[in-house]
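Please look over the model below. Some terms used for it need their rules spelled out.

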Amino acid sequence: MKRFSAGQFFKGMNLTVFTLVMVFLYIPILILIIFSFNDAKIITGWKGFTLQYYVLLFQNKTILEAFRNTMLIACLSTLISTIFGVLTAMGMENKKFSGSKFVSALIYIPLVIPDILMGVSLALLFNFTKVNTGLFTVLIAHITFCISYTVIVIRSRLDGFDYSLVEAAMDLGAKPGTIFWKIKMPLIMPGIIAAGLLAFTLSIDDFIITFFTSGRGFDTLPIYVEGAIRRGTITTINSLSTIMIGLTLLLVVATKRIRKIVISSL
Amino acid sequence: MKNKPSLNPNYALQVASERRKNLTSWVLTAPALLWLIFFFLVPYLIVIIYSFLTADIYDVKFEFTLEAYRQSWTPAYLHTFYLSFRLALLTTFLSLLLGFPVAYYIARAKDKVKNTLLIFIIIPFWTNLIIRIFSWRIFLAYNGVLNNLLLDLGLINNPLEIMRTDLAVILVMVYVYLPYMILPLYSVLEKMDWTLLNAAMDLGANEVKSFFHITLPLVKEGIFAGGLLVFIPALGSYLIPQLVGNQKSLYLGQVITYKVKNIPRNWPMASALSLTLLFIVALFLIVIYAFYNRNKARRHQ
């Protein structure tokens, strides 16, 4: 029997495209990292190695404050949206749940709507209700867009749940509380961590929805970076970006298992 | 003989237990449900209301008008819609063109290598968006890395003007959205039954034929999922055209943002344009959904 080999031509083409895409994906990132050590005020040519922009970075109060805001918002929205996610996913486990279609629709629709629309609509809500924009409104916005993702990741984990374990525990006389904390929780924990990590990354990354809901005087890192690029004060952005890329790398590499769950539920 | 359901005590117990379970489900889903009603659905109601109001310098006047919709249909705004639509389509098409071979290559790689290759796709995907856009500015700038390199190699005599062009916009759009195409394509290709291809070859099909008759139909769902994940956000993108594009071709996301952020504000116009975008997205989703269901039904026959 002749084995399908994908053909020399296809194989060669796929490898070529793959290599090109890899170069495409990494060139700008590598340049950014290299130039963060470049001793030049503007980005032209190599002027020698320096760490001064890293030093400047840690002396810049605005950046440190933006960093603090970013982390605070990310931690709080991760915590709250993950709790919502766990509760909702468990509520939707029930196959005969009468509201399951409505809840599903409400969870999935935000995922397929451009971010800018959520930004505009929330900006209007806060304008209409005359709420002062700032930390509080950004937090609300971030929780809103994180919920859909946490529910979906945790749900996909519950889908593959082995209920015979729960039945076995019940046969052995375990109480519902014990079953929840001792059996269900540990088994869906990787899903919960994956969901939390996704929410955290989404929150740190978000520009547009934050831009619409933050108002003046409240910067997160992406908002600060965009402003700095617009004003042309970009000397520390390279080093800031390099540190953030480093953190991403650490996160991606350190969490192999969680990464798998996130990919499989996408 | 069967008991009448109502007379069967087990049945009554079962009904009671199901009712209790249903109530528990409502209670558990209530927090997220209420949150999304207040902060996702209600805001859209306000968008609808605002789209019929009159713009003031900073705010709105509560006077009913259709002015915003009338303006949306003038050539200037229609051109914006056209540009955004073209950009989103082009981005989707190019992402598919580049993403398919990549997904295919990873899916057919050895299990051990597969994971490493996937990490390489995911690292840029998880890197902050604004940083990635910023790095392209360094790369493409008039006195940037690419131009310096090409000048040094003697390939060009004068620096190329790539930054602040439509070419830069499409390049960075594909760069940012490519992983959204690769990952769903990979997940269908990964699950694909490759023995079908062997069977096709045994029956005398060549590679091109088996690609179009076997691989393509099997990965259609992945293509549609990827297309959705690229096309819809691309349609409303703001940051990329803003940071690497020029002010001559304004895209929908930029126009909407300017209406909200620049003085004089025009909330009604931003609302009307947002609703039009929402309408286009909804239409698009309905078509995809119908197609998806038909595909599913056909497979179950």
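This is a predicted model: local features need pLDDT of at least 70, side-chain atom pairs count only at pLDDT 80 or more; totals for chains, interfaces and linings use all residues.

Residues are numbered from 1 along each chain as its sequence is written, chains are lettered from A and ligands numbered from 1 in the order in which they are written, and side-chain values use heavy atoms, with hydrogens and water left out.

Q: Why is the meeting of A:Lys96 and B:Glu18 called a salt bridge?
A: The rule asks for a side-chain nitrogen of Lys or Arg within 4 Å of a carboxyl oxygen of Asp or Glu. For A:Lys96 and B:Glu18 the N to O value is 2.8 Å. Across the interface of chain B and chain A, two salt bridges are found.

Q: Which helix gives the largest share of the side of chain B that touches chain A?
A: Helix H1 (residues 9-51) of chain B does, with 23 residues. Helices are DSSP runs (H or I, at least four residues), numbered from the N terminus.

Q: How many residues are in contact between chain B and chain A?
A: Contact means heavy atoms within 4.5 Å. By that rule, 87 residues of chain B are in contact with 89 residues of chain A.

Q: What area do chain B and chain A bury between them?
A: About 8700 Å², with 78% of it on carbon and sulfur atoms. Buried area is the accessible area (1.4 Å probe) lost on putting two parts together, summed over both. In chain B, B:Trp35, B:Trp126 and B:Phe134 lose the most area to chain A.

Methods:
Helices (H or I, at least four residues) and strands (E, at least two) are DSSP runs, numbered from the N terminus.
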